[in-house]
Amino acid sequence: MGARRLAYLEALEVQAWVRRAPPESPLPAPAPEQHAQPSAVSPVPPIEPPEAPGPVTVSPVGGTLLPVQSVESAPPAPATDLAGVGWSELRERVASCTRCGELVANRSQTVFGGGNPSAGWLIIGEAPGVDEDRQGEPFVGRAGQLLDAMLRAIGLDRSTAYIANALKCRPPNDRDPQPEEAEACWPFLDRQITLVNPKVILVVGRVAASHLLGTDEPIGRLRGTVHHYSERRVPLVVTYHPADLLRSPGEKRKAWEDLKLALRTYRAAEGSGS
């Protein structure tokens, strides 16, 4: 395991064990016995693609991959007036949106999204915070720094993913988005998903996951399973929001399992040519 990846895992507070080099000896190593025990392995194994593409999940114990029935999302129907709208016009429409009076009155600017619009990965968060509202970019505060470390741990960065939020405006005092606010912003996010056309969607946080999947299930029941977004059946994996991980570092191990699940799902989709 390279020093760079060890540093990323350390940022996630995921313990990684490295096998020690055997001591030098002038005598040749004895031949192994017929029933020798296997050597110790790292508790964080190398990530390998699944043998057969398709939905996979992580079992509660041991991280065994098991086939599961995909879960279809049930989002509200997007506004038809965004059909055919490209990136530039979509950004302009977001910037001029006044659908939610309280959000408009309190925002400094809208936060459209950022990264690679042709990426195979789409990361979706909940709503901008104070730092994002000030800079106009998603995930730029402490939570954004942790998200960057999480992405680097699986070989990604902002040039190989696109990042957006379910809401494009910061809620006052960083409160949870209201259902009607998420509903009003939905057409913008749905159009972004269409334009990016990702191979996998990684949803961080309960609010975004609930809205994309049309469910009130807690995040603990949504994670660990490959869902599918709308009739387009884009694979979707749910994990904890980086801000929640900052408050509850003990959940970082679960988030690491979610990231590995998302990576396996991406590789399966890439291998199948979908």
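I count a residue as buried when its relative accessible area is under 20%. I keep in mind that this model is predicted.

**Entry: helix α10**

I looked up α10 with that cut-off. It is mostly covered, with 15 of its 21 residues buried. The helix runs over residues 252-272. From its first C-alpha to its last, α10 reaches 30 Å, close to the 30 Å expected at 1.5 Å a residue.

**Entry: the whole chain**

I then stepped back to the chain. Its secondary structure comes to 10 helices and nine strands. Of its 274 residues, 46% count as buried. I also looked up contacts between residues at least 6 apart in sequence. Of these, 76% join residues at least 24 apart.

In soluble globular proteins, nonpolar side chains tend to be buried together. I looked for such a group here. The largest nonpolar core has 61 residues, and Trp-121 and Ile-201 have the most contacts inside it. Helix α6 gives the largest share of this core, eight residues.

Leaving aside residues up to four places away in sequence, Ile-201 touches Leu-122, Ile-124, Ile-193, Tyr-229, Val-234, Pro-235, Leu-236 and Val-237.

**Entry: the cavity**

Rolling a probe the size of a water molecule over the atoms shows where empty space is left. How many cavities of 30 Å³ or more are there? I found one. About 100 Å³ of space lies in the largest cavity. It is lined by 15 residues, and the closest to its centre are Cys-97, Cys-100, Arg-107, Cys-169 and Cys-185.

I sorted the lining by type. It divides into 10 nonpolar residues, one polar and four charged. Which helix gives the most to this lining? It is α6, with four residues. Both α3 (101-106) and α6 (179-196) supply at least two residues of the lining.

Most residues other than glycine have a negative phi. I noted two residues with a positive value.

Phi of Phe-139 is near 55 degrees. Phe-139 sits in the loop between α4 (130-135) and α5 (142-153). Is Phe-139 buried or exposed? At 6% relative accessibility, Phe-139 counts as buried.

Phi of Asp-174 is near 60 degrees. Asp-174 lies in the loop between β6 (162-165) and α6. Its relative accessible area is 42%, so Asp-174 counts as partly exposed.

How values were computed:
Residues are numbered from 1 along each chain as its sequence is written. This is a predicted model: local features need pLDDT of at least 70, side-chain atom pairs count only at pLDDT 80 or more; totals for chains, interfaces and linings use all residues. Side-chain values use heavy atoms; hydrogens and water are left out. The expected span of a helix is 1.5 Å times one less than its number of residues. Buried means under 20% relative accessible area, exposed over 50%, partly exposed in between (1.4 Å probe, protein chains only). On a 1 Å grid over the protein atoms alone, a cavity is a set of points where a 1.4 Å probe fits but cannot get out, and a pocket is an open set with protein on both sides within 12 Å along at least five of seven lines; lining residues have an atom within 4 Å of a point. Grid points are joined across faces, edges and corners, and a volume is the space filled by probe spheres set on the points. Ala, Val, Leu, Ile, Met, Phe, Trp, Tyr, Cys and Pro count as nonpolar, Asp, Glu, Lys and Arg as charged, and the others, Gly among them, as polar. A nonpolar core is a set of buried Ala, Val, Leu, Ile, Met, Phe, Trp, Tyr and Cys residues joined through side-chain atoms within 4.5 Å. Contact means heavy atoms within 4.5 Å.
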